Amino acid sequence: MSLIAPPNATNADGQPRKVGVELEFAGVGPIQAARLVEMTFGGHVEQHSAHRLTVTGTPWGHFHVELDSKYVHPDEQILDRIRASDGQPPGIGEHLRASVHSRTREWLGDMVAGLVPTEIVCPPIPWDELERLDELFVALRSHGAQGTDASLLYGFGLHLNPEIPSPRVESVLAHLRAYLILADWLRDEIVVDVTRDMLPHTQPFHSDYTRKVLAPDYHPSLKTLIDDYLLANPTRNRELDLLPLFSWLMPDHPNELLRETLVKPRPTYHYRLPNAALSDPEWGVVVEWNRWAEVERLAADPDRLAERGAAYREHLAQPTLSRWLDSLRHWMRH
């Protein structure tokens with residue numbers, strides 16, 4: 001399968017757009033996963049703690065590999081307080097407390113490994129090199145990595161973080177509108193895992209917010225767009241999470257949600273919907289990028305966007321999901 005080119009292949013500075021990728025899985029621990037990254041792309045593995053590693057020196061930068069829970073890693077703030085007091089070197093008691101804290105977190109990580117996923121956070125990669133990541137997915141699969149459908153307990157996902165083509169509010173609004181229109185098609189194509197659908201991480205947008213955003217007279221300023229989003233979606237748990245983007249676009253915005261520790265400001269769309277379908281040998285980053293690219297293609301076509309926005313508003317007035325999906329499937333084939 002070939003990568004679909006986005007309608008805007010460069011960012012606002014004229015540089016090739018990049019995409020961050022995050023993958024969750026079980027069956028392969030962080031140390032082995034980091035070694036597989038090293039074997040596939042080169043670089044050097046650096047281990048920071050029992051369950052957190054970095055692979056440096058790859059063609060694109062650093063890969064971060066860890067168990068995906070903050071509770072299994074040493075708390076650096078606690079360790080910093082232990083290491084020194086009033087500028088004095090730590091004594092034996094401080095060293096002991098640091099050791100106990102680190103070993104306790106390591107023990108907890110050992111206990112929950114298999115329930116808590118291993119996560120690989122890739123560095124931003126040029127969109128036209130994304131297919132290289134599928135080499136890593138093949139290596140993970142061949143070494144026993146398990147994806148979403150391997151267990152009812154596994155709500156694992158693949159996240160894409162495509163760099164925005166433009167920071168202008170008109171561009172952000174167009175991409176949000178395109179996503180809202182195509183969300184049902186994406187869910188149908190992906191066949192979102194039942195466990196992931198029950199968990200809060202990929203909750204859809206409420207129809208009232210969708211109606212508001214798709215209204216033809218909705219022409220917000222950037223602040224209004226952000227305010228409206230936060231009012232309707234005061235959470236990170238959306239299938240398309242715009243909090244990192246809004247935090248980057250308006251760092252002085254007063255809403256505390258945009259300054260939460262887990263909200264990392266960056267000029268990307270944080271797309272969280274795809275399963276981690278590692279059991280399917282035909283699945284990979286290329287498959288999910290190509291689905292996302294349809295959102296970008298719709299966003300870049302104002303006439304088609306307005307036409308399909310009107311059709312979706314009509315569907316919301318008299319909702320019949322099967323008929324709406326039939327329309328979406330027809331549009332995507334033509």
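Okay, one definition before anything else: when I say two strands pair, I mean that DSSP finds at least two bridges between them. And keep in mind that what we're looking at is a predicted model.

So, let's start with strand S1, residues 18-25. Which residue in S6 does Lys-18 stand opposite? That's Pro-126. S6 is residues 125-126, and S1 pairs with S6 in the antiparallel sense, over 2 bridges. Then there's S7, residues 158-162, which is joined to S1 by 5 bridges and also runs antiparallel.

How many of the 8 residues of S1 are buried? It's 7, so the strand is largely enclosed by the rest of the structure.

Okay, helices. Let's go to H11, residues 302-317. It has 16 residues, which at 1.5 Å a residue should span 22 Å, and the end C-alpha atoms are 23 Å apart, so that agrees. Its buried residues are Leu-305, Arg-308, Gly-309, Tyr-312, His-315 and Leu-316. Those cover an arc of only 115 degrees around the axis, which puts them on the same side of H11. Over on the other side, you've got Asp-303, Glu-314 and Ala-317, and those are exposed. If you're wondering about the spacing, an α-helix has 3.6 residues a turn, so residues three or four places apart point the same way.

And what do the buried residues of H11 pack against? H5, H7, H10 and H12. Let me go through some of those.

H12 covers residues 321-333. With 13 residues, it reaches 18 Å from its first C-alpha to its last, close to the 18 Å expected. Here the buried residues are Trp-324, Leu-325, Leu-328 and Trp-331. They cover an arc of only 125 degrees, which puts them on the same side of H12. Arg-323 and Arg-333 are on the other side, and they're exposed. What covers the buried residues of H12 includes H5 and H11.

Next, H10, residues 285-299, where I'd like you to look at Asn-290. Is Asn-290 buried or exposed? It's buried, at a relative accessible area of 8%. Leaving out residues up to four places away in sequence, Asn-290 touches Met-1, Ser-2, Leu-3 and Ile-4.

Then H5, residues 169-190, which holds Arg-187. Its relative accessible area is 17%, and buried means under 20%, so Arg-187 counts as buried. Again skipping residues up to four places away in sequence, the contacts of Arg-187 are Val-192, Asp-197, Thr-202, Gln-203, Pro-204, Glu-239 and Leu-273.

In the loop between H5 and H6, residues 194-198, you'll find Val-191. Val-191 isn't a glycine, although it has a positive phi of about 55 degrees. Buried or exposed, for Val-191? Exposed, with a relative accessible area of 58%.

That's me done, thanks.

Notes
Residues numbered from 1 in each chain as written. Predicted model: local features only at pLDDT ≥ 70, side-chain atom pairs only at ≥ 80, totals over all residues. Heavy atoms only, no water. Helix = DSSP H or I, 4+ residues; strand = E, 2+ residues; numbered from the N terminus. Buried < 20%, exposed > 50% of the residue type's maximum accessible area, 1.4 Å probe, protein only. Contact = heavy atoms within 4.5 Å. Expected span 1.5 Å × (residues − 1). Arc of directions from axis to C-beta.
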